[in-house]
Amino acid sequence: MLKALDHLEEWLVTFLIGAATLIIFVAVAHRYASGLAIPGVQDWLLAQNLGWAQELCIIMFVWMAKFGAAYGVRTGIHVGVDVLINRMQMPLRSKFIVFGLLAGALFTGIVGTLGAAFVWENGAHYAVFNALGIDTGELYEGPTTPDLEWPTWIVYCAVPFGSYLMCFRFLQVCVAFLRTGELPHHDHGHVEGVDEKTPLAPGDEDLEFRLDDNLHPSDRDDNRGGRA
């Protein structure tokens, strides 16, 4: 179940990034090509309305940010100021880590609850009752977006869904830390596919990268008369 949720989270973020990038590219290319005086082609391009592209990309980036934040909690990719905590001794350090994780879960849980209440009152209540055939009475139908004319409550669902998922990730990391004593860690310097060192060519065994600039090879022992 958790594996499926992990994959769904990753696929959603990946799809939103890729789709938004493609839409932005098409919209920019359309805007540029529409200014070219090409008979027939220019008229056809001007007839295509892509005014909705910017609004859709904004919505997609909002959803991507909310679910990407939950992904960041799970993988430990968020930047934290932990200099003081890392200098603490066990078990005090563990207590502060657990407190921080639970505080994050509490905060995101509150944001998710407030967001859910806002979505419900902003048109979701009306939409659910209308779909079930229940009398809506004086319920607020809710506004729509300017270009796509989508109900705004659908767009705002990113807040409760993303926040609740982030809350769950905080609790998941907290439970894992209590069991193993380890936190998820993301190596920002890691590059996929270059984990193993490239073997040196014959005769270059004494060459290594200098620690001060990490750019130019030098002899391992400068006292032997090698290059500096």
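Guide: A term to begin with: pLDDT is the predictor's confidence in each residue, from 0 to 100. This is a predicted model, in which local features need pLDDT of at least 70 and side-chain atom pairs count only at pLDDT 80 or more, while totals for chains, interfaces and linings use all residues. Residues are numbered from 1 along each chain as its sequence is written, and side-chain values use heavy atoms, with hydrogens and water left out.

Visitor: What is the mean pLDDT of the protein?
Guide: The mean is 82, and 81% of the residues reach 70 or more.

Visitor: Where does pLDDT stay under 50?
Guide: Over residues 224-228. The model has nine contacts for that stretch beyond four places in sequence, contact meaning heavy atoms within 4.5 Å. Where pLDDT is low, the predicted coordinates should not be read in detail.

Visitor: OK. How many helices and strands are there?
Guide: Seven helices and two strands. Helices (H or I, at least four residues) and strands (E, at least two) are DSSP runs, numbered from the N terminus. In sequence order the pattern is α-α-α-α-α-α-α-β-β.

Visitor: And what share of the residues is buried?
Guide: Of the 228 residues, 27% are buried. Buried means under 20% relative accessible area, exposed over 50%, and partly exposed in between, using a 1.4 Å probe and protein chains only.

Visitor: Let's take a helix. How far does H7 reach?
Guide: H7 has 23 residues and reaches 32 Å from its first C-alpha to its last, close to the expected 33 Å. The expected span is 1.5 Å times one less than the number of residues.

Visitor: Which residues of H7 are buried?
Guide: Among them are Ala158, Pro160, Gly162, Met166, Arg169, Phe170 and Phe177. The cover over the buried residues of H7 includes helix H1 (2-33), H3, H5 and helix H6 (152-156).

Visitor: What follows H7?
Guide: Gly181, with a positive phi near 75°. H3 is followed by Gly76, whose phi is also positive, near 75°.

Visitor: Now pockets. How much space lies in the largest one?
Guide: About 760 Å³. On a 1 Å grid over the protein atoms alone, a pocket is an open set of points where a 1.4 Å probe fits, with protein on both sides within 12 Å along at least five of seven lines; lining residues have an atom within 4 Å of a point. Grid points are joined across faces, edges and corners, and the volume is the space filled by probe spheres set on the points.

Visitor: How many of the lining residues are nonpolar, polar and charged?
Guide: There are 13 nonpolar, ten polar and two charged. Ala, Val, Leu, Ile, Met, Phe, Trp, Tyr, Cys and Pro count as nonpolar, Asp, Glu, Lys and Arg as charged, and the others, Gly among them, as polar.

Visitor: Different topic. Which residues does a cis peptide bond join?
Guide: Met90 and Pro91, with omega about 5°. Pro91 sits in the loop between H4 and H5.

Visitor: What is the phi of Glu149?
Guide: Positive, about 60°, although Glu149 is not a glycine. Most residues other than glycine have a negative phi, and most peptide bonds are trans. Glu149 belongs to the loop between H5 and H6.

Visitor: Is Glu149 buried or exposed?
Guide: Exposed, with a relative accessible area of 58%.

Visitor: And Thr152, buried or exposed?
Guide: Thr152 is buried, at 8%. It is found in helix H6. Not counting residues up to four places away in sequence, Thr152 touches Asn122, Pro143, Thr144 and Thr145.

Visitor: Last one: where is Trp52?
Guide: In the loop between helix H2 (41-47) and H3. Trp52 is partly exposed, at 30% relative accessibility. Leaving aside neighbours within four places in sequence, Trp52 is in contact with Ile23, Asp147 and Leu148.
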